[in-house]
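Take a look at the model below. This report goes through the chains, then the place where they meet, then a few single residues.

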Amino acid sequence: MPDAIEELLNRMPLRRPPLGIDARVLAARTRRGRTVGWLVSAGVAAAAVLLAVALYEHVTAPRLTDPGDPAQVAEAPTPLSMERQWTHVAYEGVVAPDGEPMAKFRRRVVQQLEWIDPDDGARMEMTVPREDVILIKATVY
Amino acid sequence: MHQTVERVYFDHRQGLYTLALAITRCPGRAEDAVQEAFARLWSHGVRPTGDPVAYVFAAVRNAAIDQVRRQPADRPREPASIYNGLPPDPAHQAVTREQHRAVREAVEALPEAQRESVVMKVYGGLTFQQMAEALGEPLPTVAARYRRALDALGHRIRGTLEPYHA
């Protein structure tokens, strides 16, 4: 009986994959190099910007003590700062906003900055979430 | 790794698409799921551990499940079948109209996990070992589920099966 059912199942006409599916799957492969390259470039640029911002913040951060008093400046401990960043890039398929196929990626970045005053352990934290949608021209064969 | 994944795609394209369709119940989302699965496989540069066929089926299944989760709940649609309609010419029909209707309804009435197991085994051509790897479950569990699915189908389509095999 199970064999007869398997045989019957095998004779059923299956819905065929659409004609364009091969092109879409293979395009995902050929796009990879450019996509990764683009993301790496974007990552490097973002890192450079963040580094510049972090350095700027570090240099311009208000001191916890009065800089007018040389004794206090000498003794005041520098706040520790830490920065963490999480990035997630999700592929969301192909879209055609203007009739031209584009691969759509959603990049979510959470940047967390934390300052700790080593003197009294006071802690200040800032979390900055960011989300970008990236469209990359897709090549269809 | 890319050649292996590509070979699995071309060897199992129908089975992969049918699995995605069985999960999403929507041809467009099934196509998106297959493409998304391969985009992930290639963009992450993952090296399959174990059987590459099981690995690719697992990737497509996960992408299809993601597609279902992303589907807006306020837009219900008629679920699409994994089966095509019968060709108009009876000479080209491998099953009778009654069998076609009965099997289609019986497969669609199966619980989701059992329907997936039927698709993976019958239309994907996977072994129980590959199914166990793809689903991350013990082999006896997977095999028992498939047997239960066949039993359930047998109860539903027995009436149409017997005249054919008589």
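## Overall make-up of chain B

This is a predicted model. Chain B contains seven helices and zero strands. The chain has 166 residues, and 44% of them are buried.

## The nonpolar core

The largest nonpolar core has 64 residues. Six residues have the most contacts inside this core: Leu19(B), Ala20(B), Val34(B), Phe38(B), Phe57(B) and Val60(B).

Leave aside its neighbours within four places in sequence. Leu19(B) is then in contact with Phe57(B), Val60(B), Arg61(B) and Ala64(B), among others. Its contacts also include Glu116(B), Val119(B), Met120(B) and Gly124(B). Two of these partners, Phe57(B) and Val60(B), are named among the core residues with the most contacts.

## Overall make-up of chain A

Chain A has three helices and three strands. From the N terminus on, the elements run α-α-α-β-β-β. Buried residues make up 13% of its 141 residues. Among contacts of chain A with a separation of 6 or more, 58% are between residues 24 or more positions apart.

Which residues of α1(A) are buried? They are Ile5(A), Leu8(A) and Leu9(A). These residues cover an arc of only 100° around the axis, so they sit on the same side of α1(A). The face turned away from that buried side carries the exposed residues Asp3(A) and Asn10(A).

An α-helix has 3.6 residues a turn, so residues three or four places apart point the same way.

## The sheet of chain A

The three strands of chain A form an open sheet in the order β1-β2-β3, with antiparallel pairing. β1 and β3 (123-137) are at the edges. Each has a single partner strand, so one side of each is left without a neighbour in the sheet. From one strand to the next, the twist averages 10°.

Now look at the pairs. β1(A) and β2(A) run antiparallel and are joined by 14 bridges. One bridge pairs Arg84(A) with Gln112(A) in β2(A). The hairpin of β1(A) and β2(A) has six residues between the strands. In this hairpin, Gly99(A) takes a positive phi near 85°.

β2 (residues 102-116) also pairs with β3(A), in the antiparallel sense, over 15 bridges. Here Ala103(A) has Ile136(A) as its bridge partner in β3(A). Gln111(A) is partnered by Val128(A), also in β3(A). Is β3(A) buried or in the open? Of its 15 residues, the number buried is zero, so β3(A) lies largely in the open.

## Where the chains meet

How many residues does each chain give to the contact? Chain A gives 25 residues and chain B gives 36 residues. On the chain A side, α1 (2-11), α2 (21-60) and β1 (80-95) each supply at least two residues. The chain A side divides into 16 nonpolar, three polar and six charged residues.

Start with Pro52(B). Its place is in helix α3 (residues 52-70) of chain B. Pro52(B) has 17 other C-beta atoms within 10 Å, so it counts as partly exposed. Thr4(B) is 48 residues away from Pro52(B) in sequence. In space, the two are 7.3 Å apart, C-alpha to C-alpha. Leaving aside neighbours within four places in sequence, Pro52(B) is in contact with Thr4(B), Val5(B) and Val8(B).

Next, find Arg25(B). Its place is in the loop between α1 (2-24) and α2 (27-44) of chain B. Phi of Arg25(B) is near 60°, a positive value in a residue other than glycine. Is Arg25(B) buried or partly exposed? Arg25(B) has 18 other C-beta atoms within 10 Å. A buried residue needs 20 or more, so Arg25(B) is partly exposed.

Definitions and conventions: Residues are numbered from 1 along each chain as its sequence is written. Chains are lettered from A and ligands numbered from 1 in the order in which they are written. This is a predicted model: local features need pLDDT of at least 70, side-chain atom pairs count only at pLDDT 80 or more; totals for chains, interfaces and linings use all residues. A nonpolar core is a set of buried Ala, Val, Leu, Ile, Met, Phe, Trp, Tyr and Cys residues joined through C-beta atoms within 7 Å. A residue is buried if 20 or more other C-beta atoms lie within 10 Å of its own, exposed if 12 or fewer, and partly exposed in between; C-beta atoms are placed from the backbone. Two residues are in contact if their C-beta atoms, placed from the backbone, lie within 7 Å. Helices (H or I, at least four residues) and strands (E, at least two) are DSSP runs, numbered from the N terminus. Ala, Val, Leu, Ile, Met, Phe, Trp, Tyr, Cys and Pro count as nonpolar, Asp, Glu, Lys and Arg as charged, and the others, Gly among them, as polar. The arc is that of the directions from the helix axis to the C-beta atoms. Two strands pair if DSSP finds at least two bridges between them. Axes are lines fitted to C-alpha atoms, for helices over the stretch in contact, and angles run from 0 to 180 degrees between N-to-C directions.
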